[in-house]
Amino acid sequence: MIILKDITKKFRNTTAVKGLSVEIREGELVCLLGPSGCGKSTTLSMIAGLEPPTKGDIFFDGKRVNQVEAEDRDIGMVFQNYALYPHMTVYENMAFGLRAHKTPKAEIDRRVREAASTLEISHLLDRKPSALSGGQKQRVAIGSVIVRKPRAYLMDEPLSNLDAKLRSQMRVEIAKLHKQLGATMIYVTHDQVEAMTLGTRIVVMKEGAIQQVAPPAELYQNPVNRFVAGFIGSPAMNFLEGKVVLSNQGPCLKGNGWQLPLTLAQGKKLMDKGYMDKMVTLGIRAEDFHEQQWGEAWLEVLADVREMLGAEVLLHGRVCGYGGAARHGTAQGEPVRDSLNWENSPHICAKLPPSCCVKAGGRVRLYVDMGRIKLFDTITEENILYV
Ligand code: ATP
């Protein structure tokens with residue numbers, strides 16, 4: 001179990017990590033996720049003992065380790081660059097750390113062969129790194145850490161040198177390895193797909209500070225703020241600025257060239273929190289647009305790009321009309337008005353089934369699943385509907 005308590009790291013003028021606190025339970029695979037420069041690697045270096053925190057404490061299994069040297073922390077690190085010795089074979093590379101610790105020869109042999117078998121690289125033990133593919137090199141790098149049986153594994157973007165296909169294969173391998181070893185792992189990445197598929201929990205970071213710590217599904221469904229909502233999910237969530245108004249159809253959101261009816265619960269929450277007549281940011285995930293009738297509210301969209309991805313179509317376009325809300329009395333909605341300044345109206349991206357035949361330049365009515373929308377305070381960016 002690793003506990004970080006109010007950790008801060010300053011480098012001269014930069015505060016790389018700001019008051020970060022998190023508890024990593026034994027056997028968890030926790031991903032540190034965030035854009036470049038948000039302090040992920042610095043956090044990992046402090047856990048490994050390569051950098052001392054400026055402030056705060058680090059505990060391993062309840063024991064404060066701030067003063068414990070890196071080599072005495074019993075941690076295995078895997079980096080983006082494989083750090084293999086080019087003149088040694090795979091076997092020798094994997095055995096190197098154990099030899100340095102004067103482990104008996106027979107024990108070294110047993111551990112190397114066991115790790116090689118786990119990683120399916122037994123047939124490569126006699127090769128030099130130059131005769132290995134990127135994925136195989138990374139397996140060897142992981143192997144040379146596994147043989148030491150450390151208490152915890154720290155991985156810093158270990159797959160970022162691999163091509164997309166190999167990356168997704170290795171992602172699955174790492175998930176399997178985690179299950180097999182049952183060890184605590186901390187995995188740094190800026191790739192949200194990697195974090196979502198690997199992490200039992202994800203720590204989302206921005207500018208050195210934690211935004212949210214939660215399991216993947218929770219982050220996706222209940223992001224604490226606009227940053228998390230926009231960072232998690234692909235394509236990124238659509239954001240539209242609108243005003244909360246009470247029309248004769250009930251509580252609505254009104255933006256530039258569009259209007260959508262809120263559910264009664266959403267309207268009540270906004271009213272209770274004092275958002276009536278105020279601007280808020282509406283968040284709609286690409287998959288929450290539907291071509292077939294879905295609820296009552298729709299946006300008319302003028303498509304400008306259609307991306308066919310095989311299993312789905314990503315339709316990009318501009319909102320140029322709206323309607324629906326039969327329940328509130330305007331079944332026919334608002335007609336598309338060419339005179340309206342909808343050139344300034346929001347861009348959206350919808351994820352639709354491949355059967356969608358709208359082409360660039362075409363217009364389509366997209367129903368919005370209003371039960372799944374998110375609403376953010378335009379200034380603080382907090383999720384107003386967060387529960
Ligand atoms: P990336 O994904 O690009 O690796 P990161 O989230 O891992 O980014 P860090 O490498 O932890 O980010 O860096 C956080 C901030 O601290 C950055 O602004 C970086 O420039 C700064 N920083 C990191 N190490 C040092 C250092 N040794 N001296 C000065 N500034 C540093």
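**Note on helix packing and cores**

1. Helix α2 crosses helix α3 in a right-handed sense (right-handed if the near helix is turned clockwise from the far one by less than a right angle, left-handed if anticlockwise). The contact (heavy atoms within 4.5 Å) involves Tyr91, Met94, Ala95, Leu98 and Arg99 from α2, and Ile108, Asp109, Arg111, Val112, Arg113, Ala115 and Ala116 from α3. By class these are eight nonpolar, no polar and four charged residues. Here Ala, Val, Leu, Ile, Met, Phe, Trp, Tyr, Cys and Pro count as nonpolar, Asp, Glu, Lys and Arg as charged, and the others, Gly among them, as polar.

2. This is a predicted model, in which local features need pLDDT of at least 70 and side-chain atom pairs count only at pLDDT 80 or more, while totals for chains, interfaces and linings use all residues. Residues are numbered from 1 along each chain as its sequence is written, and side-chain values use heavy atoms, with hydrogens and water left out.

3. The axes of α2 (residues 90-100) and α3 (residues 105-118) come within 10 Å and cross at roughly 130°. The pair is therefore oblique (under 35 degrees is roughly parallel, over 145 roughly antiparallel, 65 to 115 roughly perpendicular, and the rest oblique). Axes are lines fitted to C-alpha atoms over the stretch in contact, with angles from 0 to 180 degrees between N-to-C directions. Helices are DSSP runs (H or I, at least four residues), numbered from the N terminus.

4. With helix α4 (residues 134-146), the axis of α2 comes within 7 Å and crosses at roughly 30°. This crossing is right-handed. Val90, Asn93 and Met94 of α2 meet Val140, Gly143 and Ser144 of α4; three of these residues are nonpolar, three polar and none charged.

5. Met94, Val112, Ile142 and Tyr187 touch the most other members of the largest nonpolar core, which has 46 residues. A separate core of 32 residues includes Val244, Leu253, Leu375 and Leu385. Such a core is a set of buried Ala, Val, Leu, Ile, Met, Phe, Trp, Tyr and Cys residues joined through side-chain atoms within 4.5 Å.

6. Helix α1 is mostly covered, with eight of its nine residues buried (under 20% relative accessible area; exposed is over 50%, partly exposed in between; 1.4 Å probe, protein chains only). Thr43 lies in α1 (residues 40-48) and counts as buried because its relative accessibility is 2%. Leaving out residues up to four places away in sequence, Thr43 touches Leu4, Val17, Leu20, Leu32 and Met205. Gly49 follows α1 and has a positive phi, near 90°.

Note on methods
Helices (H or I, at least four residues) and strands (E, at least two) are DSSP runs, numbered from the N terminus.
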